[in-house]
Amino acid sequence: MDTTTQPNAGTAGGLAALNAAVRRDLEIIRYPRKEWVPPMERDGQRVLDVAIIGGGQGGLATAFALKRNNITNVRIFDRAAKGGEGPWVTFARMITLRTPKYVTGPDLGVPSLTPRSWYEAQYGAEAWEKLDKIPRGQWQAYLDWYRDILKLPVANDHDFQGVTWEGGLLRLTFRRPDGSTHVHYARKLVLATGIEGCGSWHVPDFIRDALPRARYAHTSENIDFAALKGKRIGVLGAGASAFDNAATALEDGAGSVTLCLRRKEIPSINPYRWMENTGFLAYYPALSDELRWGFMRRIFELNQPPPQDTFWRCRRHANFSFRTGCPWTGVRMDGDEIVVDSPTGEMRFDFVIIGTGFTTDLSRRAETKSFASSVALWGDRYTAPAGSESAVLESYPYLGENYQFLPRRADDPLAPMLANIHNFTFSATPSMGLSGASISGMRFGVERLAHGLGRDLYVADGRQHLESLLAYDVPELVSLDPPVA
């Protein structure tokens with residue numbers, strides 16, 4: 001029986017009972033109980049204390065953590081329509097999450113908010129015990145419920161166009177589907193825009209320049225797999241997403257799928273499983289640059305392999321093959337065929353799928369291009385010893401302890417602006433370890449980020465808080481008379 005598609009509303013009252021438990025739990029732990037950030041206005045509108053770009057798991061969890069800290073003048077902006085945030089129902093093509101089902105994250109330690117509690121409320125405890133990993137569609141449904149039960153303030157259909165620094169505030173510009181633009185001011189900005197949040201998906205130039213646009217797609221794009229039925233498909237890449245797309249093509253009736261990777265062996269060791277320990281997740285950012293570089297060089301070298309079940313999704317099809325030690329050295333059109341050159345020989349396809357990841361380049365993103373040239377990168381702050389160089393790691397932003405961007409030069413006029421923009425994307429990984437773009441590290445990363453945001457706001461308003469104390473005159477002892485019998 002497929003327990004993921006047959007909700008059981010009678011399980012301990014189902015979601016209604018769970019919703020009541022969530023509200024009770026949050027009421028019990030709600031202390032202190034008042035907002036504390038002084039309000040600010042600009043051009044007749046309330047200035048947001050924190051604006052969050054991205055309504056996926058990282059953005060939602062950050063908003064909840066801020067709410068727990070009584071920072072409520074917050075808004076999340078996402079360019080997608082409601083329910084389409086993040087990759088789970090768009091370009092993610094795995095059947096289940098790759099993380100173990102017991103990993104927690106957005107719940108921030110509240111048991112009733114965990115994925116397990118949500119799942120058991122609908123399908124029962126026995127179904128959870130039988131479950132291997134959480135289906136990705138169910139993960140999106142969980143996030144939708146999480147957003148609704150916590151009443152998180154998400155503004156959908158807001159495409160972020162960029163940020164400028166005006167009078168000590170961040171001026172954010174958004175475009176709506178009708179073409180109109182909207183401006184919001186904020187004191188703090190969190191970029192929670194996922195894996196590609198500080199760059200762009202990468203298609204090698206020799207492919208992009210040689211093939212008609214209709215004959216290739218990156219794994220992050222919408223792909224009409226039904227139109228590929230009976231076709232010869234070539235897939236380039238060694239990571240899990242390359243195998244996910246190969247499997248999807250096979251399951252939709254592709255004539256054949258050949259997956260090619262430059263490595264001599266398919267990656268098999270998953271560094272994420274090693275990283276799932278409290279020491280690394282909580283304290284990695286405190287390490288020296290030398291040690292952090294060593295960790296990340298090894299982690300990036302290992303890459304994330306396809307899980308066993310993902311590989312079997314492909315391998316069960318007789319028309320699937322893979323070639324190791326097979327980088328693509330050139331492509332061209334020969335009539336209606338795509339010809340791929342490689343060290344293992346020539347191959348011919350009808351369509352190719354590119355799983356070559358992304359490029360970290362702040363100038364390629366609307367969110368970051370206005371200040372990209374000012375941001376310090378790892379290549380600016382650390383020189384690796386001979387034999388340990390990595391051009392990839394050098395391209396990542398070098399962040400401060402609260403995920404904030406740092407300036408290349410201390411006298412950069414944009415330094416105050418950068419101090420108020422916090423990078424909670426995958427590109428924070430070399431500096432901060434697993435965080436917003438990873439379920440495995442989300443709990444630790446979100447708590448660290450929210451604490452840093454609150455600390456910055458409180459310090460900035462320190463004098464106002466002192467003045468509030470000096471003006472405080474609400475008596476608690478109101479009578480010196482004996483109590484009335």
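**View 1. Strand S12 beside strand S13.** Strand S12, covering residues 256-260, runs parallel to S13 and is joined to it by four bridges. Strands, like helices, are DSSP runs numbered from the N terminus, with at least two residues (E) for a strand and at least four (H or I) for a helix. Look for Thr258, which stands opposite Ser321 in S13. This is a predicted model, in which local features need pLDDT of at least 70 and side-chain atom pairs count only at pLDDT 80 or more, while totals for chains, interfaces and linings use all residues. Residues are numbered from 1 along each chain as its sequence is written, and side-chain values use heavy atoms, with hydrogens and water left out.

View 2. Contact here means heavy atoms within 4.5 Å.

**View 3. Helix H1 against helix H3.** Helix H1 (residues 14-28) packs with helix H3 (residues 115-123) at an angle of about 150 degrees, and their axes are 7 Å apart. On the H1 side you will find Gly14, Leu15 and Leu18, which meet Ser117, Trp118, Ala121 and Gln122 of H3. The residues of this contact comprise four nonpolar, three polar and no charged. In this grouping Ala, Val, Leu, Ile, Met, Phe, Trp, Tyr, Cys and Pro count as nonpolar, Asp, Glu, Lys and Arg as charged, and the others, Gly among them, as polar.

**View 4. The three-stranded sheet.** In this open sheet, three antiparallel strands follow the order S14-S15-S16. Strand S14 (330-334) and strand S16 (347-349) are the edge strands, each pairing on one side only. The twist averages 30 degrees from one strand to the next. Three bridges pair strand S15 (residues 337-341) with S16, and Val340 has Met347 in S16 as its bridge partner.

View 5. Glu346 and Arg332 form a salt bridge, their closest N and O atoms being 3.4 Å apart; the term requires a side-chain nitrogen of Lys or Arg within 4 Å of a carboxyl oxygen of Asp or Glu. Glu346 sits in the loop between S15 and S16 and Arg332 in strand S14, 14 residues apart. Glu346 is partly exposed at 45% relative accessible area, and Arg332 is partly exposed at 35% (buried means under 20%, exposed over 50%, partly exposed in between, with a 1.4 Å probe and protein chains only). Shared partners join Arg232, Arg332, Asp334, Glu337, Asp341, Glu346, Arg348 and Asp350 into one network of salt bridges.

View 6. Lys130 and Glu126 meet through their side chains at 3.1 Å, N to O. Both lie in helix H4 (residues 125-130), four residues apart, about one turn of the helix. Lys130 counts as exposed at 63% relative accessibility, and Glu126 counts as exposed at 55%.

Technical notes: Axes are lines fitted to C-alpha atoms, for helices over the stretch in contact, and angles run from 0 to 180 degrees between N-to-C directions. Two strands pair if DSSP finds at least two bridges between them.
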